[in-house]
Amino acid sequence: MQEKVFVITSLQSWDLLIGSNAKDMALEISKKYKVVYVNTPLDFRTARKENPKTDETTYRREFLKGKHSDLRHINDNLCILDLPITLFPVNKLPGKFLFDMFNRQNNKRIFRYVRKRLKELHFENIIHIIDNDIYRSFYAKEFLRPRLSIYYRRDNVLGIKYWSKNGSRLEPLLVKKSNFVAANSIQLADAVRSYNPKAYDIGQGVDLKDFDAAKKRNIPEDIKSIPRPIVGYIGTIVSIRLDAGLMYDIAQQMPHISFVMAGPEDAYFENHSLHQLKNVYFLGAKPTYQVADYINAFDICTNIQLVNEVTVGNYPRKIDEYLALGKPVVTTDTPAMQLFKEYVHLCKNTDDFCKAISTILQQNQSDSLRKERIDFAHTHTWENSVSKLYQLIETYK
């Protein structure tokens, strides 16, 4: 496959600081092959705004002002391609006709530029990976004309309000015209197999280089004074994925336990009565380099998910991060979490969570148990996941 070039379009820009499957996949593929990661263009409304200035938008705004080249070389094989265009904001347009017309124009402008730059770089034999980018990559097969078009389904975005209007109509069509679908869980692959029988689970990769259990770590200052034992969560705290009501009930029934939430909150959580409980601590957003330090400071790690169409097949990367540091984990029981059933406590309700937390605190957390968790987490590598992708690609010689 040395002659092949991978082009990746994603919902997430390269400049987003949180973990990204598309970015990690691009880095893994670039160990062997050329990769062009197309940085999602801003729509003209966002491009014209001065605020908010975020990591996700700042670089692209600067690029549009001529401050950067359109190509950034991350390594010898991987480059990021920024596009000198802005897009029509299409999702609020009334009716299918207007949406489809302007969305097609967006796609045409994106992929004509991408195709032109690929030609100038002498990149041919293109394999296109669409990372859940239902709208902006919907017509990519027509305009980019890759040798292979792969839809990578790593999330069921249709459960999110933004996507419900047009995504439920377009995703099945995008799945159908893709050569095959790769997903990071069995559930996400199964859900679209009726539209395309060539839908496969390639597993989930996790970059665990920053989660070395043998490394000596400092306890973050804002957690030192919190009474132990500590049951902790770190990540984005949003109501579409986490069950605030269940958290409240658990914390209320276990007043002797400190429940720590580290991460940015949405408006729902910011105004939730969880903030009134004396044994619940919200610590705010944390930089990526400190995530492992916080996990290491928890006695028990948790992921109390709200079970819905977004989360039911979702693979939470944080579970592997927790296990990679040898931590005991209590988490919501979903179909996707069955993969971890030998290594975590799966819970359905308040009683389950309270019993699991009490059991862990009474157990002797032996070195052998800790090693089993660490070893299992390290089986979920990007090398393994991408190798499965390569195997599927090889069937299309």
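A: C301 is buried, with a relative accessible area of 0%; buried means under 20% relative accessible area, exposed over 50%, and partly exposed in between, with a 1.4 Å probe and protein chains only. This is a predicted model, in which local features need pLDDT of at least 70 and side-chain atom pairs count only at pLDDT 80 or more, while totals for chains, interfaces and linings use all residues. Residues are numbered from 1 along each chain as its sequence is written, and side-chain values use heavy atoms, with hydrogens and water left out.

A search of the whole structure finds zero disulfides (a disulfide is a pair of cysteine sulfur atoms within 2.5 Å). For C301, the nearest cysteine sulfur belongs to C347 and is 14 Å away. C347 is in no disulfide either, and its nearest cysteine sulfur, that of C354, is 9.1 Å away. C347 counts as buried at 1% relative accessibility.

D70 is another buried residue, at 11% relative accessibility. D70 lies in the loop between α3 (55–64) and β3 (71–73); helices (H or I, at least four residues) and strands (E, at least two) are DSSP runs, numbered from the N terminus. Leaving aside neighbours within four places in sequence, D70 is in contact (heavy atoms within 4.5 Å) with F63, I80, L81, D82, Y113 and R117.

In helix α7 (residues 167–177), the buried residues are G167, L170, E171, P172, L174 and V175. Their cover includes α4 (95–120), β5 (126–131), β6 (148–153), α6 (161–164) and β7 (180–183).
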